[in-house]
Amino acid sequence: MAHGIAPFNALYTFVITAKHLNLTNAAKELFVTQGAVSRQIATLESYLGFKVFTRHARGLYLTPKGEALLPDIEKAFGQIKLTTEKAMKPTGEIRFKAPSCPMRWLVPKLLAFQKAYPDIHVALTTTHDHGINFANEDFDIGLVYDKNRIENDYSIKLYDEFISPVIAADKVESGVLPDLSKHTLVHPTKDHTDWNIWLNAKGIAEFDFVNNQYFDTMEMAISAAIQGFGIAIADVNLVQEDLKANRLVQPFPLKVKTGASYYLVLNDKLDKFEVQSRLVNWLSSEALVL
């Protein structure tokens with residue numbers, strides 16, 4: 001009776017040879033010589049105390065005992081493969097800070113990421129702050145809104161901000177440009193900066209902001225427009241799904257680049273960059289180019 005651990009290489013050679021029932025083809029898959037395959041089979045048979053193959057003119061046949069042994073050995077190697085593949089998958093938690101403004105863009109993409117990588121947990125913290133300081137903030141990645149950031153290995157641009165008015169579909173007649181003076185203008189800045197940028201690009205140097213409403217974030221301004229509160233100036237990247245679903249319409253074709261962009265910024269002291277890079281690559285590939 002054999003003692004000790006079963007010869008692993010011989011067992012694997014047995015599985016591959018049983019698949020081909022041909023020493024030459026088995027040797028090709030294993031990248032060894034035909035003689036090496038024969039020696040491994042002989043080693044296994046010596047360990048087991050019985051033959052697993054019989055030779056015939058056209059090749060090999062499994063013996064009854066070899067045929068009985070094969071399914072469990074195949075299953076064992078299959079489990080080893082699954083276990084090692086699982087071990088190789090990146091796991092862990094990503095501490096992610098993002099401003100509340102781009103949540104309409106970000107959240108659906110994070111949900112899709114979690115489905116694709118269920119072993120990676122994204123701990124999302126939202127804030128009104130548009131920047132990040134890794135020296136005193138405990139995050140791995142930040143989504144920042146900036147006009148002057150330089151792209152490098154730790155700062156990846158997602159998309160440029162383009163703004164244009166949007167309004168609830170039922171508040172404007174199809175094909176008719178709305179009269180801005182007859183609508184409440186909704187905006188996310190107290191000084192009407194975004195509206196002024198767009199109006200100036202349209203050639204309107206002065207505008208009387210009599211009917212207007214300021215909201216704390218662009219997300220809130222967009223939500224107000226969807227509910228029919230007025231016509232909002234919005235980053236068109238953030239309302240793509242609302243436009244597709246006809247919750248909003250973009251009545252004016254003009255969209256204006258503000259000079260600001262959204263960036264993914266990585267902590268340069270990351271100790272698990274492979275995990276973080278999965279999220280970076282995912283969001284980068286999902287970014288819109290307008």
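Helix α6 (193-201) and strand β11 (256-266) each supply at least two residues to the lining of the largest pocket. Helices (H or I, at least four residues) and strands (E, at least two) are DSSP runs, numbered from the N terminus. The model is predicted: local features need pLDDT of at least 70, side-chain atom pairs count only at pLDDT 80 or more, and totals for chains, interfaces and linings use all residues. Residues are numbered from 1 along each chain as its sequence is written, and side-chain values use heavy atoms, with hydrogens and water left out.

Stay with the pocket. About 280 Å³ of space lies in it. A pocket is an open set of points on a 1 Å grid over the protein atoms alone, where a 1.4 Å probe fits, with protein on both sides within 12 Å along at least five of seven lines; lining residues have an atom within 4 Å of a point. Of the 16 lining residues, His130, Tyr145, Pro188, Thr189 and Asp194 are the closest to the centre. Helix α6 gives the most to the lining, with 3 residues. By class, the lining has 6 nonpolar, 6 polar and 4 charged residues.

Now the helix pair. Helix α2 (residues 23-30) and helix α3 (residues 34-48) pack at an angle of about 100°, with their axes 8 Å apart. They are therefore roughly perpendicular to each other (65 to 115 degrees). Leu23, Thr24, Ala26, Ala27 and Leu30 in α2 meet Gln34, Val37 and Ser38 in α3, where contact means heavy atoms within 4.5 Å. These residues divide into 5 nonpolar, 3 polar and no charged.

Last, the hairpin. Strands β1 (residues 53-56) and β2 (residues 59-62) run antiparallel, joined by 4 bridges. Pairing needs at least two DSSP bridges. Between the two strands of the hairpin lie 2 residues. Thr54 has Tyr61 in β2 as its bridge partner, and Arg55 stands opposite Leu60 in β2.

How values were computed:
Axes are lines fitted to C-alpha atoms, for helices over the stretch in contact, and angles run from 0 to 180 degrees between N-to-C directions. Angles under 35 degrees count as roughly parallel, over 145 as roughly antiparallel, 65 to 115 as roughly perpendicular and the rest as oblique. Ala, Val, Leu, Ile, Met, Phe, Trp, Tyr, Cys and Pro count as nonpolar, Asp, Glu, Lys and Arg as charged, and the others, Gly among them, as polar. Grid points are joined across faces, edges and corners, and a volume is the space filled by probe spheres set on the points.
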